[in-house]
Amino acid sequence: MKDMVTELPGLSRVRARFIEMLGPRQEQIAMHAIAAWDGKTAAEICDNLDAAKAILHQIAGSAGSLGMAELGDMAHQCENEIIAHLKSPEAGQATCPGDVITNVDQFLENCRKLL
């Protein structure tokens with residue numbers, strides 16, 4: 001049993017690809033967060049938050065299985081906060097929740113550290 005493989009074959013390539021894609025995804029999330037924060041209408045704010053949520057969902061789904069559980073958990077938390085906002089009565093107002101943007105910014109900072 002001393003020759004057991006500790007990692008599935010090809011997982012390191014998948015992890016490397018995930019990290020490679022994390023940079024552009026991080027930029028897209030930041031762009032959508034800024035656009036939501038600067039949004040003038042409820043629809044513009046919600047559309048940008050929804051786009052950021054979709055990217056966060058992709059990251060959350062992959063990160064944990066690639067050995068980056070903390071990053072995946074943070075992405076999932078941000079995703080859930082956006083979902084809660086989009087389902088709330090405040091989503092119909094032309095305001096962007098500062099706590100959501102703050103948490104997304106913290107997630108993006110953790111991505112920068114990883115990269």
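Helix 2 passes helix 3 in a left-handed crossing. The model is predicted. The protein has four helices and zero strands. From the N terminus, the order of elements is α-α-α-α.

**Helix 2 with helix 3**

- Helix 2 spans residues 42-63 and helix 3 spans residues 69-87.
- Their axes lie 8 Å apart, and the packing angle is about 150 degrees.
- Angles over 145 degrees count as roughly antiparallel, so helix 2 is roughly antiparallel to helix 3.
- On the helix 2 side, the contact is made by Cys46, Leu49, Asp50, Ala52, Lys53, Leu56, His57, Ile59, Ala60 and Ala63.
- On the helix 3 side, the partners are Ala69, Leu71, Gly72, Ala75, His76, Cys78, Glu79, Ile82, Ile83, His85 and Leu86.
- By class, the contact of helix 2 with helix 3 has 14 nonpolar, four polar and three charged residues.

**Lys53, a charged residue in this contact**

- Lys53 sits in helix 2.
- What does Lys53 touch, leaving aside neighbours within four places in sequence? Lys53 is in contact with Glu79, Ile82, Ile83 and Leu86.
- Lys53 and Glu81 are 28 residues apart in sequence. Their C-alpha atoms are 9.1 Å apart in space.

**Helix 1 with helix 2**

- Helix 1 covers residues 11-38.
- The axes of helix 1 and helix 2 come within 8 Å and cross at roughly 160 degrees.
- That angle makes helix 1 roughly antiparallel to helix 2.
- This crossing, too, is left-handed.
- Helix 1 contributes Phe18, Leu22, Arg25, Gln28, Ile29, His32, Ala35 and Ala36 to the contact.
- Helix 2 contributes Glu44, Ile45, Asn48, Leu49, Ala51, Ala52, Ile55, Leu56, Gln58, Ile59, Ser62 and Ala63.
- The contact of helix 1 with helix 2 has 13 nonpolar, five polar and two charged residues.

**Helix 3 with helix 4**

- Helix 4 runs over residues 98-114.
- The axes of helix 3 and helix 4 come within 10 Å, crossing at roughly 160 degrees.
- Helix 3 is therefore roughly antiparallel to helix 4.
- The crossing of helix 3 and helix 4 is left-handed.
- From helix 3, the contact takes in Leu71, Met74, Ala75, Cys78, Glu81 and Ile82.
- From helix 4, Asp99, Val100, Asn103, Val104, Gln106, Phe107, Asn110, Cys111 and Leu114 take part.
- These residues divide into ten nonpolar, three polar and two charged.

**The nonpolar core**

- In soluble globular proteins, nonpolar side chains tend to be buried together.
- Here, the largest nonpolar core holds 28 residues.
- Which members touch the most other members? They are Phe18, Ile29, Leu49, Ile59, Val104 and Phe107.
- Helix 1, helix 2, helix 3 and helix 4 each supply at least two residues of this core.
- Helix 2 gives the most, with eight residues.
- Phe107 touches Ile29, Leu56, Ile59, Leu71, Met74, Ala75 and Cys78, not counting residues up to four places away in sequence.

**Gln26 and Leu108**

- Gln26 lies in helix 1, and Leu108 is found in helix 4.
- Is Gln26 buried or exposed? Gln26 counts as buried because its relative accessibility is 9%, and the cut-off for buried is under 20%.
- Leu108 is also buried, at a relative accessible area of 5%.
- Beyond neighbours within four places in sequence, Gln26 is in contact with Leu108, Cys111, Arg112 and Leu115.
- Leu108 and Thr95 are 13 residues apart along the chain, and their C-alpha atoms are separated by 21 Å.

**Whole protein**

- The C-alpha atoms fill a box of roughly 60 × 20 × 20 Å, taken along the principal axes.
- Buried residues make up 38% of the 115 residues.
- Among contacts with a separation of 6 or more, 70% join residues 24 or more positions apart.

Key: Residues numbered from 1 in each chain as written. Predicted model: local features only at pLDDT ≥ 70, side-chain atom pairs only at ≥ 80, totals over all residues. Heavy atoms only, no water. Axes fitted to C-alpha atoms, helices over the stretch in contact; angles between N-to-C directions. Parallel < 35°, antiparallel > 145°, perpendicular 65-115°, else oblique. Left-handed = near helix turned anticlockwise from the far one by under 90°. Contact = heavy atoms within 4.5 Å. Nonpolar A, V, L, I, M, F, W, Y, C, P; charged D, E, K, R; others polar. Core = buried A, V, L, I, M, F, W, Y, C linked by side-chain atoms within 4.5 Å. Buried < 20%, exposed > 50% of the residue type's maximum accessible area, 1.4 Å probe, protein only.
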